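Hello,

Here is the structure I said I would pass on. Please open it first, then read the notes below.

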Amino acid sequence: MKITPIRRTVQVLSLACMVAVPLLNSRGISAVSGSFYSVGIGPLLLTDPLIAIQPLLATMTIDTTLLASALIPAGFALVFGRVFCGWVCPQNILSELFDAVGRRLGLTCFFAPGPVSPARYVVLAVILAITLLYGFPLASLLSAPGIISVQTARLIYEGTVGLELALIGIVILAELFLVRRVWCNYLCPVGSMLSLFRSKRTMRVVMAEEGEHACIHCRECAKACQLGLNPMGREIASQCHNCGACIDACREMTGERKPLSFRF
Amino acid sequence: MSKYFLRPPGALPEADFLGRCIRCGKCALACPYRAIRVAGLLDGLTIMGTPVIWARQSPCYLCLKCVPVCPSGVLDNRVKKREDVRMGTARINKKECLTWQGTFCRSCYDHCPLFNEAITMDSELRPVVNEKKCVGCGICEHVCPADPAAIIVIPRDPG
């Protein structure tokens, strides 16, 4: 069973929900309401962990409701990795789409060289430090999925969109012409925050020990990775969002021997 | 225009509001009158993404559906009755007000949701705002026939 078709279905459902929720809300049906910042499903409240800790840093007030609402998303990341990014986030859907277009058009751009995992945590730390120092929730203005969903709602409610969408445009242009997939890979604070919830048992792509014999070193997995990671290494980098493209590419080459797979 | 914006009912004082509002836009989704708008980049970087009400275009009808949906508590859940709301205070510009200038008009008086409490008529049937009762919903500003409106809501002191 290939992973990518399932993931594409989830992505389409995610986009459909993003449009359907404001459409239904505007007609008075509001059992589900919210955005990729925070969503309420009936009495259940789910909030992006990065967004939820901002008021704590900005004003030093502990809002237990808000912090508790981040537990399920954080727990989900702890078990399944940052699948929100790979399977749900609308920015990743856009970035994947434009990456495919860019490569078809032959636009040259490269992955940033060198070890980048710590660099993204530096970006996250700077953003949170600014929140702490200036009492201002900066990450809300930098959450690409949040901006896309709020602006979609605004388009449905008011018929206009705001200049905030410029961030999304800048990200897409930078990814097409400068560094491939730079946002999700190195900069996005939402994704970096989700990768903090990672333990030894978090679901990840693993080269099975018994699979090492099955690996034919074709490097198709590394080529398939949009984030430029190497699944054949000992430990895949923490920015892997478990999209499963490498596993699909591997199965294509090795059939049922399955050197690569998701493991907990 | 005032430096501060008219916020939805139950909003915390401005400084706290800006720090704690997570800009999720749920209050705007909950507003059946589409009175709550999401501020854009042009309204200012610190304001961007926060809910604002442009009362002249569409005022708050005090249904209070936005208050319970706020996940960050910057819309105070303790505000349950419309009399508890303190968004701002209406102020009449007597030089522009039709009635104060001699033409008979009682649009603001008639449309005030706290009828005959927040806006009363004086002995000469001219509208007067009772600052203790006015909640700042902006309906008076919305219905005022003068252009520009002769009664406008001054957002609550940031205090």
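The notes below cover the domains, one serine and the cysteines. Keep in mind that this is a predicted model.

Domains first. Chain A splits into domain 1 (4-196) and domain 2 (204-263). Their contact takes 24 residues from domain 1 of chain A and 14 residues from domain 2 of chain A. The C-alpha centres of these two domains lie 26 Å apart.

How much area do domain 1 and domain 2 of chain A bury between them? About 1,400 Å², with 39% of it on carbon and sulfur atoms. Several helices of chain A each supply at least two residues to the domain 1 side, including helix H1 (4-26), helix H6 (90-104) and helix H7 (117-134). Across this interface there are 10 residue pairs in polar contact. The salt bridge count between the two domains is 0.

Next, Ser140(A). This residue sits in helix H8 (residues 138-142) of chain A. Is Ser140(A) buried or exposed? Ser140(A) is buried, because its relative accessible area is 1%, and the cut-off for buried is under 20%. Ser140(A) touches residues of both chains, among them Tyr37(A), Gln54(A), Ile22(B) and Arg23(B).

Last, the cysteines. The disulfide count over all chains is 0. Cys250(A) is buried, at 9% relative accessibility. For Cys63(B), the closest cysteine sulfur is in Cys31(B), 6.0 Å away, also too far for a bond. Cys63(B) is partly exposed, at 34%.

Best wishes

Conventions. Residues are numbered from 1 along each chain as its sequence is written. Chains are lettered from A and ligands numbered from 1 in the order in which they are written. This is a predicted model: local features need pLDDT of at least 70, side-chain atom pairs count only at pLDDT 80 or more; totals for chains, interfaces and linings use all residues. Side-chain values use heavy atoms; hydrogens and water are left out. Helices (H or I, at least four residues) and strands (E, at least two) are DSSP runs, numbered from the N terminus. Buried means under 20% relative accessible area, exposed over 50%, partly exposed in between (1.4 Å probe, protein chains only). Contact means heavy atoms within 4.5 Å. A disulfide is a pair of cysteine sulfur atoms within 2.5 Å. Domain bounds come from an automatic or database domain assignment. Buried area is the accessible area (1.4 Å probe) that two parts lose on being put together, summed over both. A salt bridge is a side-chain nitrogen of Lys or Arg within 4 Å of a carboxyl oxygen of Asp or Glu. A polar contact is a pair of N or O atoms within 3.5 Å; within protein, one must be able to donate a hydrogen and the other to accept it, and residues adjacent in sequence count only if both atoms are side-chain atoms. Lists of a residue's contacts leave out its neighbours within four places in sequence.
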